[in-house]
Amino acid sequence: MIINYENIVKYYCKTHLPFLYKLKEKHKQNKYRRKVTAAIAKYRDQYRQNGVYPLFTVIEIETLNRCNNTCSFCPVNKHADTREYKAMDQELFVAILEQLQALRYTGTVHLYSNNEPFLDNRIIDFAKLTKEYVPQARLKIFTNGTLLTLDKFKAIIQYLDRIVIDNYNDDLQLIPTIETIYQHAKNNSVYNDKVRIRLRKIHDVLSTRGGQAPNRASEEISSLPFGCLLPFRQMIVRPDGKISQCCNDALGKITMGDLTRESIAAIWQNSKYLALREQITQGRAGLPLCDNCDSQL
């Protein structure tokens, strides 16, 4: 299925069946808590046995730190973003790929983070380079689709294992650029497993994003009363080569390392990551950003 209709059901229940929606959310949280608890125990066992944590399974590489959308839930929407503009040097991008190649990386490479990847006019070339250096890795992009022409889609899809197009429209209707992609993709079975279009509202209320979601700023926010998997399985690279704590650290408030000075492998096992993993096994309370986070990723 190219279009994901799950959100339509969510929005309906949230508006018309709030009791059912809250019940579902509670069930989701309990299920996630059990998953996190079991997975963290497994990671810690591996660390005790081997003296190192297993390599991350997802790396997000943000090649340009800007977005062109106005999503009210995002701390780096184009009206709220306070980051200094930065585009990643191609030399740094290639150096990251060379390290992943040397590590025989088989996880997922995301050519985006808290940005719109098609604002970077090099993104198709970067996707091609990624497949050349780490062909065994899965390559994925999330985009809001507003800049995605059919020609750009055809050029980049050959390198991607998955493209997720978030169609932001409060009426849940396909915007023109995404409608063009959908009409092309639906008649080509080769795209069935590669293309996902998610119908989303631009004024949705989502997780707190480490307490930074603009449309939840007035709330009294409590963190989830259990840990998080992101420090064990995810690395977030900003355009300047610095490593953010996780994908919810949209503004790059916490830096775990610097790839212009250190290697991927060294940063992943450094004292900052080790301390974070140790602390978060006890829960999120008291940790910067985590303390106000209810993200379930």
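Trainee: How does the lining of the largest cavity split by class?
Mentor: Keep in mind that this is a predicted model. The lining of the largest cavity has 9 nonpolar, 4 polar and 3 charged residues.

Trainee: OK, and what volume does the largest cavity have?
Mentor: About 120 Å³. Of the 16 residues lining that cavity, C228, Q245, C246, C290 and C293 are the closest to its centre.

Trainee: Which elements give two or more residues to that lining?
Mentor: Those are α7 (230–233) and α9 (271–280).

Trainee: How many cavities of 30 Å³ or more are there?
Mentor: The structure holds 2 of them.

Trainee: Which residues line the second largest cavity?
Mentor: You'll find E62, R83, S113, N114, I236, R238, S244, C246, D249 and A250 around it. By class, that lining divides into 3 nonpolar, 3 polar and 4 charged residues. Look at C246: it lines the second largest cavity, and C246 is also listed among the residues closest to the centre of the largest one.

Trainee: Now helices. At what angle do α3 and α4 cross?
Mentor: Roughly 25 degrees, for α3 at residues 90–102 and α4 at residues 123–133. Their axes come within 9 Å. That crossing angle makes α3 roughly parallel to α4.

Trainee: Is that crossing left-handed or right-handed?
Mentor: The α3 and α4 crossing is right-handed.

Trainee: How far apart are the axes of α4 and α5?
Mentor: They are 9 Å apart, and α4 packs against α5 (residues 150–157) at an angle of about 15 degrees.

Trainee: Why do α4 and α5 count as roughly parallel?
Mentor: Because angles under 35 degrees count as roughly parallel, and α4 and α5 pack at about 15 degrees. So α4 and α5 are roughly parallel to each other.

Trainee: What's the handedness of the α4 and α5 crossing?
Mentor: Right-handed.

Definitions and conventions
Residues are numbered from 1 along each chain as its sequence is written. This is a predicted model: local features need pLDDT of at least 70, side-chain atom pairs count only at pLDDT 80 or more; totals for chains, interfaces and linings use all residues. Side-chain values use heavy atoms; hydrogens and water are left out. On a 1 Å grid over the protein atoms alone, a cavity is a set of points where a 1.4 Å probe fits but cannot get out, and a pocket is an open set with protein on both sides within 12 Å along at least five of seven lines; lining residues have an atom within 4 Å of a point. Grid points are joined across faces, edges and corners, and a volume is the space filled by probe spheres set on the points. Helices (H or I, at least four residues) and strands (E, at least two) are DSSP runs, numbered from the N terminus. Ala, Val, Leu, Ile, Met, Phe, Trp, Tyr, Cys and Pro count as nonpolar, Asp, Glu, Lys and Arg as charged, and the others, Gly among them, as polar. Axes are lines fitted to C-alpha atoms, for helices over the stretch in contact, and angles run from 0 to 180 degrees between N-to-C directions. Angles under 35 degrees count as roughly parallel, over 145 as roughly antiparallel, 65 to 115 as roughly perpendicular and the rest as oblique. A crossing is left-handed if the near helix is turned anticlockwise from the far one by less than a right angle, and right-handed if clockwise.
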